[in-house]
Amino acid sequence: MILKAYTKPAGYRFTILGILLLIIGSGCSLTRGIKKNQTLVRKITIKGIDEEFEEAALNYVDKEQQPNNKLNLQFYYWFSNHGKRNIGEAPAILDSALVEYSRFQMEKFIQNRGYLKAKITDTVIIKKQRAELVFNAHEGPMFHIRKFEDSIPDKNIKNLYLANRNKMSHIQPGGRFDTDSLAHDRDELYLLMKRNGYFDFYRQYVNFNYDSTFNSSVVDIKMTIDNPAGKTQHPVYKINNTLITISASNGKTTGKADTIQVDSQFRFVDFSHRFTPRVVTDYTFQKKGQIFDIDKQTLTTTRLSELNVFRNVPNPTYEKLPDSSNRLNTKIDIIPLKHFSDRVEGEFLFANGRYGYNIGNTFTDRNLFKQAAILQVKLNWSILFDNGSNTSNNNGIQNQEFRAGVNLIYPRIISPFDFPLLGKFGVPHTTFSTNYSLFYQKGLVTRQSFINSITYDFYETGRKLHTITPIDIEFSKGSIDPAAQAELLANNRYAYVYLIGRTVFTTGSQYTFQYNAIELNSYANFVYFRGGLDVGGNFLSLLSNTLNTPRDSAGQRKFLGYTFSQYTKAEIDLRIYKTLGGEKQFIFRINPGIGVPYGNSNALIFEKNFYAGGANDMRAWLPRTLGPGNFNRGTYYGNDDTSRNRLKYLDQFGEIKIVANAEYRYKLADDFFGAKLKGAVFMDAGNVWRLGKKPESPNGEFRFDNLLQSTAIGIGTGLRFDLSFFVFRLDAAFKFKDPQFTGSDQWVLFKHSDELFRTGSFKTAYEKANGESYNFMQLNFGIGLPF
């Protein structure tokens, strides 16, 4: 439960956007790095091309004649040392030969789009060593398809083609003539043949001839599918035997191997001595006697790679039997990953008067029991120092947490029931998990929790993932410092004593549905959805009522000597991704959630509540420092500084959460010290609320008529350093509307913008009431995108 508090370092005076504007607007001339007899290409203008193809036509201008991104060019001038270091982008120097080449490629592109008589001319306009390339197109008439016919001597292929033509062909009489459509149909025919046993079929067998000599701008097309030389038809091949060879992790196949004849199809040879045949045979989808199918070949290599135990799974190789039976022997050669791995992770957190660190270690055994089962042992220690508050901790430690967990992940469904292999769209998993957490806040509380669960995940389609946890057993125990407990009770803080000090035992089940996660790293237009449901305590309620188990002093049923929690919690993450061309993207996200205690509980347990703030939702607030609703800590605690400091990061929670984010992402530079530099501007809005009025959270309840008044808003900008295998993120977020205040005072960035980087009457009054300074800006460091 370490709180990742990020904010501005002392003396910070520039937003990230301001730094970028300073770079771009600096006095560096774009032509300062070129010779006097050279000209820099700065603009490309295309005229006369149909709007449908204008953007695509621009891509046919040679890359070396494309205008530079200003930031890329400045990085090149500043850091590349005349090209000796691969940083930024070299200046696009005008080259007449490349301009002519670009004109020719663009003309060919337009002709291939049906304008067979199209002509393109080019003009170069030069002013002050800067060039504009102007391409003028004279498209002429668009040609349409008048007639289409085919010539396919192989009757089996002709019947297969005719049965599938309407759903796969882009060549239709009356449609626009387009050579891309010819290429598309050739590729579709190739795949159709490869899916239906035609192992020896090649694209070269498919030819298109077209006649455009008519005067009415029409084209006749004839498609021919040739037979193999000297044959009257194409042979259909079937799968015969399969040899599976697993090398050692260094790729060598020397020494003695484990050799097993599994059945009439599979022979298994393992030089690593680490796997049972089932690991591979379960996900080999090409079975003996079936016709060759390239889709099943792809499915086999994809699923074997997804097991995360093999380093290299190339496509199988095939050997034709020497007889005339048209059978294929298959060879699958695999190189495994190293058996064991150990990964250490760490991060350092800093803020005004706050800093901390998070150290973790993950040990992985990638092949337990020789069944590709993955064993993960995770250890993590987090600590947060807070010297910015008037705490009684002489060493400044606010809280710390130790976590340990063990996960055993099988690449199949393990249950008492007989399930078919659900591997067509993804590898299913069964995960046995046990986790322990020890949270300690000096002078207040020690909380321990144990969670044990069994989880199944499987794909319904390539886009739909189901995750079911039928059994989840949780035990949490809180121990409050006696002096702190006495003081909290003396100040009527019973609700917080109950929240953090209760001991609870419960069982439950969870279900999560995820849609379109496969698209998250793309620039396509799509909708992503993730919905989760968590239900706990119903079985224990039925059992305790049936057995008439005793109750505690609050009237709650106990089971095995402990009260149990009964609740339902639901959460949704819905995102809309919209591409704006190139690597520009707009994302809107809405993330609501609600948790309802009932039956044997009148409050959610500590770990089930919602909190707001942090690097992934309300970025202008530190984690656990926003809400609930219009709750104001300074007003609520008054002069009770001890309770305010002790309950910091613990008292701002809710049973309801609504967070919305809007973010625009764009590329700044292709090469910035080996990384692709991207930028973002964003707005976050939301909060957490209590489910009904609570004396410990005045003005924190959810009300529809107060929704806008109690919603926080943050704005900001950021940088993303994309290294392909991970993204390092730096965001600067500003509080725009703060719901702890009232009326126009909520619009803090407008009302008190003069105190953004200095202390005035507003910050002075806030510090007096809350015992800490007010931070308009938070600086967040993170790995990966926020969503």
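Helices and strands here are DSSP runs, numbered from the N terminus. With that in hand, let's walk through this predicted model, starting with its open spaces.

Rolling a probe the size of a water molecule over the atoms shows where empty space is left. The second largest pocket has a volume of about 1000 Å³, and 33 residues line it. If you want to find its centre on screen, look for Gln66, Pro67, Glu89, Lys667 and Asp670, the lining residues that lie nearest to that point. Three elements each supply at least two residues of this lining: helix 2 (51-58), helix 3 (70-79) and strand 26 (656-672). Which of the elements gives the most to the lining? Strand 26 does, with four residues.

The model has four cavities of 30 Å³ or more, and the largest cavity holds about 340 Å³ of space. Its lining is made of 24 residues, with Thr625, Gln652, Gln740, Tyr766 and Glu772 nearest the centre. Sorted by class, the lining of the largest cavity has eight nonpolar, nine polar and seven charged residues.

Next comes a pair of helices. Two packed helices are described by the angle between their axes and the distance between the axes. For helix 5 (residues 155-168) and helix 6 (residues 179-195), the angle is about 125 degrees and the axes are 11 Å apart. Why are these two called oblique rather than roughly antiparallel or roughly perpendicular? Roughly antiparallel needs an angle over 145 degrees and roughly perpendicular covers 65 to 115, so helix 5 and helix 6 count as oblique to each other. Their crossing is right-handed. On the helix 5 side, the contact is made by Ile157, Leu160, Tyr161, Asn164 and Met168; on the helix 6 side, they meet His184, Asp185, Glu188, Leu189, Leu192 and Met193. By class, this contact has seven nonpolar, two polar and two charged residues.

Finally, two spots in the backbone deserve a look. You will find Pro628 in the loop between strand 25 (585-597) and helix 12 (633-637). The other is Lys370, which has a positive phi of about 60 degrees although it is not a glycine. Lys370 sits in the loop that joins strand 14 (354-368) and strand 15 (373-386).

Conventions: Residues are numbered from 1 along each chain as its sequence is written. This is a predicted model: local features need pLDDT of at least 70, side-chain atom pairs count only at pLDDT 80 or more; totals for chains, interfaces and linings use all residues. Side-chain values use heavy atoms; hydrogens and water are left out. On a 1 Å grid over the protein atoms alone, a cavity is a set of points where a 1.4 Å probe fits but cannot get out, and a pocket is an open set with protein on both sides within 12 Å along at least five of seven lines; lining residues have an atom within 4 Å of a point. Grid points are joined across faces, edges and corners, and a volume is the space filled by probe spheres set on the points. Axes are lines fitted to C-alpha atoms, for helices over the stretch in contact, and angles run from 0 to 180 degrees between N-to-C directions. Angles under 35 degrees count as roughly parallel, over 145 as roughly antiparallel, 65 to 115 as roughly perpendicular and the rest as oblique. A crossing is left-handed if the near helix is turned anticlockwise from the far one by less than a right angle, and right-handed if clockwise. Contact means heavy atoms within 4.5 Å. Ala, Val, Leu, Ile, Met, Phe, Trp, Tyr, Cys and Pro count as nonpolar, Asp, Glu, Lys and Arg as charged, and the others, Gly among them, as polar.
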